[in-house]
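User: I have a structure open and would like to go through it with you. Can we take it topic by topic?

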Amino acid sequence: MEAKLKKNIATLVILAVSGALIYALPYFRNYYYDVFLEAFQLTNTQMGTLGSAYGVCCLISYVFGGYCADRWKTKYLLTISLFATGVLGFALLLYPPYPVLLLIHAAWGITSIMTFWGALVKAIRSLGSENEQGKAFGFFEGGRGITNIVQSAVILGIFAFFAKRMSDKMALSAVIVVYSVICLLLGIMIMLLYKDSNNENTQANENNQKFNWTVLWKILKMPTTWLATILIFTSYAMIISYYYITPYATAAFGASTLIAAALGYFSQYCRPIGSFSAGIIGDRIGVSNMVLIGYFILTIGLVGLIILPGKASLILMLLVFIAIIYTSMYALQALHFAILVEGDYPVETTGTISMPLMIIGYSGEIFMPIIAGACLDYWDGTTGYKVFFTILLTLAIIGLITVVIWQRVTREKRKEIAMQRTFAKVQET
């Protein structure tokens with residue numbers, strides 16, 4: 001780890017933990033579904049609309065998130081986002097009626113995306129030099145994965161403790177309090193630890209006067225912007241669709257409910273491996289080279305998943321292909337924004353860059369589940385799953401081709417970064 005990133009490692013850890021736990025409050029209802037339903041006296045339809053309200057506001061927030069990230073200081077945006085998310089969490093303790101609950105989830109879509117995600121990406125980019133972007137984002141994503149593994153176990157323990165001694169509703173309240181307090185504490189830590197760069201301060205002062213539409217227009221005309229958008233879109237489609245592997249394992253291989261659930265949780269154990277490896281290797285061989293490897297491995301995993309016969313005796317082979325898919329998809333996610341260094345985008349305009357990347361790149365979250373549902377309804381048995389996995393395989397191949405094009409377009413910048421990497425190694429020796 002080179003000097004700049006090593007100096008900022010404490011900040012990186014706090015950002016990774018924040019990047020995981022700010023989303024705990026909007027999503028924890030899914031893990032404690034029945035208890036949440038009963039405690040708030042909701043119907044299943046109302047429960048579903050809470051997720052829809054959050055999702056719609058997230059989509060709108062992606063449109064304006066980049067604007068916020070480049071207009072105001074990163075430290076303030078991150079701190080306010082965590083504080084606001086935590087305060088809204090405490091509001092749940094009042095067990096408000098459904099309309100208020102709907103507003104809270106909609107507000108979380110703003111506090112966790114519009115004022116947070118673009119600023120978070122910008123913060124991660126600023127922590128490392130050009131030759132440390134892979135490690136910066138790889139360690140960030142890996143850190144999020146480890147945080148999710150630890151927090152899910154701890155929170156489950158807390159819930160079990162209070163449920164056994166008091167009631168399920170009190171246990172749910174305890175979970176809400178813990179998540180809300182953590183958000184507030186993380187906000188305080190970021191306020192104390194994170195330091196905005198001089199370039200960012202200057203940019204923020206300029207943008208307070210007027211948003212720089214010229215920069216946005218310039219970015220939209222750059223071919224690398226659209227290539228990066230395709231890379232995010234094609235890899236994120238896999239990331240939000242992998243949970244269809246769980247019911248497929250049950251339908252095709254006769255896996256028990258317990259084994260199928262374990263396969264789902266297995267993804268979080270593969271996440272740190274994929275993220276850390278992608279970050280470290282990416283900085284050694286070049287970020288886009290690592291992305292190319294990631295797509296190639298993902299393609300192999302999907303091909304194996306599709307052609308593997310559905311026999312109970314082959315369940316271990318299925319596990320191998322699933323591990324390949326999980327590890328490679330999180331490796332690609334870790335490099336979503338690290339690859340921007342090869343596109344020669346200044347760190348201070350990261351928010352503006354992220355506008356088209358996130359709006360289009362993450363749009364699969366809206367229609368990929370619809371496509372999956374249509375495939376499963378139209379084709380009987382396991383055929384629907386295989387058709388859907390074939391669609392994901394096609395997207396992975398498109399991503400693979402896109403990386404090759406990216407490398408041709410960014411040849412000169414990649415040579416410059418390679419020279420810097422070589423010079424850094426010489427200095428170390």
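User: How many disulfides does the count come to?

Analyst: The count comes to zero disulfides. Keep in mind that this is a predicted model.

User: What is a disulfide, again?

Analyst: A disulfide is a covalent bond between the sulfur atoms of two cysteines.

User: Is Cys57 buried or exposed? And Cys183?

Analyst: Cys57 is buried, at 16% relative accessible area. Cys183 is also buried, with a relative accessibility of 0%.

User: OK, charges next. How many salt bridges does the structure hold?

Analyst: The structure holds four salt bridges. One of them pairs Asp283 with Lys135, with 3.3 Å between the closest N and O atoms. Asp283 is in helix α15 (residues 257-285) and Lys135 is in helix α9 (residues 133-165), so this pair links distant parts of the chain, 148 residues apart.

User: Are Asp283 and Lys135 buried or exposed?

Analyst: Asp283 counts as buried at 6% relative accessibility. Lys135 counts as buried too, at 12%.

User: Which residue does Glu141 form a salt bridge with?

Analyst: Glu141 forms a salt bridge with Arg271, and the closest N and O atoms are 3.0 Å apart. Because Glu141 lies in helix α9 and Arg271 in helix α15, the pair ties together parts that are 130 residues apart in sequence. Glu141 is buried at 4% relative accessibility, and Arg271 is buried at 7%.

User: What about Lys413, what is its partner?

Analyst: Lys413 forms a salt bridge with Glu416, with the closest N and O atoms 3.3 Å apart. These two are three residues apart in helix α21 (residues 411-428), which means that about one helical turn separates them. Lys413 is buried, with a relative accessible area of 10%, while Glu416 is partly exposed at 38%.

User: Now the surface. Which residues form the nonpolar patch?

Analyst: The patch is formed by Phe83, Leu93, Val177, Val181, Leu185, Ile188, Met189, Leu192 and Leu193. Together they have about 720 Å² of accessible area.

User: Which helix gives the largest share of the patch?

Analyst: Helix α10 (residues 168-193) does, with seven residues.

User: And where does Phe83 lie?

Analyst: Phe83 lies in helix α6 (residues 74-91). Phe83 counts as partly exposed, at 32% relative accessibility.

User: Let's do backbone angles. What is phi for Gln41?

Analyst: Gln41 has a positive phi of about 55°, although it is not a glycine. Gln41 sits in the loop between α4 (33-39) and α5 (44-71). Gln41 is exposed, with a relative accessible area of 69%.

User: And what is phi for Tyr95?

Analyst: Phi of Tyr95 is near 45°, again a positive value in a residue other than glycine. Tyr95 is in the loop between α6 and α7 (98-114). Tyr95 is buried, at 17% relative accessible area.

User: Switching to Ser363. Where is it found?

Analyst: Ser363 is found in the loop between α18 (350-361) and α19 (364-378). Ser363 is buried, with a relative accessible area of 15%.

User: What lies 2.6 Å from a polar atom of the side chain of Ser363?

Analyst: The backbone oxygen of Ile360 does. Not counting residues up to four places away in sequence, Ser363 touches Phe233 and Met358.

User: Last one: Val287. Where is it found, and is it buried or exposed?

Analyst: Val287 is found in helix α16 (residues 287-307). Val287 is buried, at 5% relative accessible area.

User: What is Val287 in contact with, leaving aside neighbours within four places in sequence?

Analyst: Val287 is in contact with Gly134, Gly282, Leu335, Ala338, Ile339 and Glu342.

Definitions and conventions: Residues are numbered from 1 along each chain as its sequence is written. This is a predicted model: local features need pLDDT of at least 70, side-chain atom pairs count only at pLDDT 80 or more; totals for chains, interfaces and linings use all residues. Side-chain values use heavy atoms; hydrogens and water are left out. Helices (H or I, at least four residues) and strands (E, at least two) are DSSP runs, numbered from the N terminus. Buried means under 20% relative accessible area, exposed over 50%, partly exposed in between (1.4 Å probe, protein chains only). A polar contact is a pair of N or O atoms within 3.5 Å; within protein, one must be able to donate a hydrogen and the other to accept it, and residues adjacent in sequence count only if both atoms are side-chain atoms. Contact means heavy atoms within 4.5 Å. Patches are made of residues with over 30% relative accessible area and no salt bridge: like charges are joined within 9 Å, nonpolar side chains (Val, Leu, Ile, Met, Phe, Trp, Tyr) within 5 Å. Accessible areas come from the Shrake-Rupley method with a 1.4 Å probe; for residues, only the protein chains shown count as cover. A salt bridge is a side-chain nitrogen of Lys or Arg within 4 Å of a carboxyl oxygen of Asp or Glu. A disulfide is a pair of cysteine sulfur atoms within 2.5 Å.
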